[in-house]
Amino acid sequence: MPGSIKDRVAIVGMGCTRFGERWDASAADLLVDAAYQAYEDAGIDPKDIQAAWLGTTTGSTGMVLSEPLRLQYIPITRVENACATASDAFRNACYSVAAGIY
């Protein structure tokens with residue numbers, strides 16, 4: 001189907017922290033590690049980020065993402081949807097990109 005979301009959105013980089021017991025690393029440390037791997041994989045800088053989505057089930061705010069990554073002056077949307085939280089955050093980000101908002 002021409003013009004569908006698959007023609008407008010692509011994953012261009014990803015990052016993943018090392019698996020195992022990481023008692024030495026905080027949640028913010030793990031987030032920064034994965035994000036900077038994704039930046040490098042995509043060939044972009046943090047300043048290129050225009051918006052972010054955060055999936056959480058703890059009721060926290062977008063500050064959980066913006067503070068450790070130093071993402072200032074961009075919209076951060078927190079999504080909470082039980083077992084579908086991560087998928088819903090990703091879906092919302094994809095639709096925003098496909099719509100040409102970011």
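**Close-up 1. Aspartate 24 and its salt-bridge partner, arginine 22.** Aspartate 24 is exposed, with a relative accessible area of 62%, where exposed stands for over 50%, buried for under 20% and partly exposed for values in between, computed with a 1.4 Å probe on protein chains only. Its side chain meets that of arginine 22 in a salt bridge at 4.0 Å, N to O, a term that requires a side-chain nitrogen of Lys or Arg within 4 Å of a carboxyl oxygen of Asp or Glu. Arginine 22, by contrast, is buried, at 18%. The model is predicted, so that local features need pLDDT of at least 70 and side-chain atom pairs count only at pLDDT 80 or more, while totals for chains, interfaces and linings use all residues. Residues are numbered from 1 along each chain as its sequence is written, and side-chain values use heavy atoms, with hydrogens and water left out.

**Close-up 2. The salt bridge of arginine 78 and glutamate 80.** The side chains of arginine 78 and glutamate 80 meet at 2.7 Å, N to O. Arginine 78 is partly exposed, with a relative accessible area of 33%, and glutamate 80 is also partly exposed, at 43%.

Close-up 3. Aspartate 88 and arginine 91 form a salt bridge whose closest N and O atoms are 2.7 Å apart. Both residues lie in helix α3 (residues 85–98), three residues apart, which is about one turn of the helix; helices are DSSP runs of H or I with at least four residues, numbered from the N terminus. Aspartate 88 is buried, at 15% relative accessible area, whereas arginine 91 is partly exposed, at 41%. Elsewhere, salt bridges that share partners join Asp45, Lys47 and Asp48 into one network.

Key: Helix = DSSP H or I, 4+ residues; strand = E, 2+ residues; numbered from the N terminus.
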